[in-house]
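Hi,

Here is the structure I promised to pass on. Please open it next to this email and follow along.

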Amino acid sequence: MATPFVAGTRGAVLHRGLVDLLGEEQVLWQKHDLQLYEYDGAVDTATPDAVVIPRDTADVANLARFCSEHNVPLVPRGAGTGLSGGAIPVEGGVVVSFARMSRILELDAANLRAVVQPGLVNLHLSTAAAPHGLYFVPDPSSQKACTIGGNVAENSGGPHTLAYGVTTNHVTGLEIVLTDGTIVRLGGKAHESEGYDLIGLFVGSEGTLGLITEITVRLSPLPEDKRTVMAAFPTMDLASEAVSAIIASGLVPSAIELMDQLATVAVEASVGAGYPLDAGAILLAEVDGPRDGLDDHRARIEELCRANGATSIRVAETALERDRLWAGRKGAFAAMGRLAPDYYVQDGVIPRTRLPDVLRRIAEVGERYGVRIANVFHAGDGNLHPLILFDGSLGPDVLRQVKAAGVEILRACLDAGGSITGEHGVGMEKNCELPLQYGPDDLAAMLHVKRAFDPAGLANPAKIFPTPSRCREFSLHAARSV
Ligand SMILES: Cc1cc2nc3c(=O)[nH]c(=O)nc-3n(C[C@H](O)[C@H](O)[C@H](O)COP(=O)(O)OP(=O)(O)OC[C@H]3O[C@@H](n4cnc5c(N)ncnc54)[C@H](O)[C@@H]3O)c2cc1C
């Protein structure tokens, strides 16, 4: 029979139970420790009742059984770089940090597979695979810090997933601990497994179905060579037209990224990537693969950029120059600190051809709310990342206004036939907006799926699905501001 902890006493009682179960080393409970787990890369915060840092799957399963008996929520956490509040314990409970489960268990170069623990940092996998001529394709701009577990939970993309697919295309096996402590294994090293695509279901489930404790990923051969082109345009409209022209030409670049002038100014101050400061837009495009033919593809991209108004073009001549160009793009979010104390990043997707219209609507939103908005995004995928700049020290009203501006941007994406998230997930940041995209029947069907795996609702509660308390307050505010 479940013995729920009583609010207020939960922390102390929980701490004693967890230490008895797992040992002192695995449990954090003091206020100063818990404060470190109140945050992720988004803007909301909440304090956990305890943090557990398991050593292996058995620890996770024991923890889940214990929490199930006592009706305590479980909130998985990788590196906390998530941008939708996914790792925030909004209803309290235990944050499960995978920092100690960060090993590569097997690197099977012959089968192009690696078996890894969820806390492995994304870049560490590609670094380990490089001597075998292999790499892990998904490369979020946060790849120096984010974990493979977080990538799987968010179905993350990255600048180079345009040609080769996002995380779901590179996962072939999972080990999962359900909230009742059951350990489930799905797939393995083979290309396909029979029956329903349950791996596909877990990838992108944002920790709401269970805790991922082991991942089998596909490794890909490193391309023989690459060509990287930076083109400067007077306006975002012209750069967007160039993106559509490149895709329409039949070329499939491994990456096409765009950033506007505000972002460029921040990047140059922070990274010094060599982008021209007077450009209205900077486009980065890369083609890779067999060396033969790459120069033709590069030349075609240059030609299409010129035909669409590029004022200057630079091609990286060396690996060092290429790294410098990418350092600018990958460091763009962090560079926002040069412009404002805080930023709030949105993550909508639209059909590529609607880029000019939607970018104009984003600029209008910025004017109406009196906020500066920088744009840095995966243009090839139509995946926008408007960064709304603000100063959170000016009080909670500022953040509320910024969030309301964010909702308007999401509405613009939906109006253009897009979606409210491309790769950062719904989390606790957009769960109130999910009904803008899905009707009650769709949401009910998704909830049935969640309940099939997590009947007690203990896996990362108050994420993805709207919750009455938070969502009512926010939609009233948003309605007032529009
Ligand atoms: C500067 C910057 C750049 C970024 N660029 C990109 C980008 O280009 N593309 C992109 O897609 N994202 C990007 N992100 C977002 C973020 O890095 C990714 O979503 C990443 O995959 C999160 O990994 P994490 O380890 O930090 O996960 P966390 O933030 O710790 O968690 C994210 C979600 O995953 C769940 N989770 C974590 N581990 C597990 C597990 N073992 N089992 C079950 N659920 C789990 C959490 O509960 C949470 O819901 C960026 C973020 C920053 C700060």
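**What I found**

Start with helix H16. Of its 14 residues, the number buried is one, so H16 lies largely in the open. H16 covers residues 440-453. At 1.5 Å a residue, its 14 residues should span 20 Å, and the end C-alpha atoms are 20 Å apart, which agrees. Keep in mind that this is a predicted model.

The loop between H16 and helix H17 (468-481) holds Ile464. Is Ile464 buried or exposed? It is buried, with 24 other C-beta atoms within 10 Å; the cut-off for buried is 20 or more. Most residues other than glycine have a negative phi. Phi of Ile464 is near 65°, a positive value.

Glu206 is another residue to check. Its phi is near 55°, again positive in a residue other than glycine. Glu206 sits in the loop between helix H7 (198-202) and strand S10. Glu206 has 23 C-beta neighbours inside 10 Å, so it counts as buried.

Now find the sheet. In what order do the four strands lie? The order is S1-S2-S4-S3, in an open sheet with mixed pairing. Strand S1 (27-28) and strand S3 (74-77) stand at the edges. Each has a single partner strand, so one side of each is left without a neighbour in the sheet. S3 pairs with strand S4 (residues 94-97) in the parallel sense, over four bridges. In that pair, Arg77 stands opposite Ser97 in S4. Helix H3 (residues 57-70) packs on the sheet and touches strand S2 (50-52), S3 and S4. The direction of H3 makes about 170° with that of S4.

Which residues come nearest to it? Of the 38 residues around the ligand, these are Gly78, Gly82, Gly86, Gly150 and Gly207. Elements that give two or more residues to this shell are S3, helix H5 (148-154), strand S10 (211-218) and helix H12 (332-335). The largest share, five residues, comes from H5. By type, the shell divides into 14 nonpolar, 19 polar and five charged residues.

One link to trace on screen: S3 stands at an edge of the sheet, and S3 also gives residues to the shell around the ligand.

Best wishes

Key:
Residues numbered from 1 in each chain as written. Predicted model: local features only at pLDDT ≥ 70, side-chain atom pairs only at ≥ 80, totals over all residues. Pairing = 2+ DSSP bridges. Contact = placed C-beta atoms within 7 Å. Axes fitted to C-alpha atoms, helices over the stretch in contact; angles between N-to-C directions. Expected span 1.5 Å × (residues − 1). Buried ≥ 20, exposed ≤ 12 C-beta atoms within 10 Å, placed from the backbone. Near = placed C-beta within 6 Å. Nonpolar A, V, L, I, M, F, W, Y, C, P; charged D, E, K, R; others polar.
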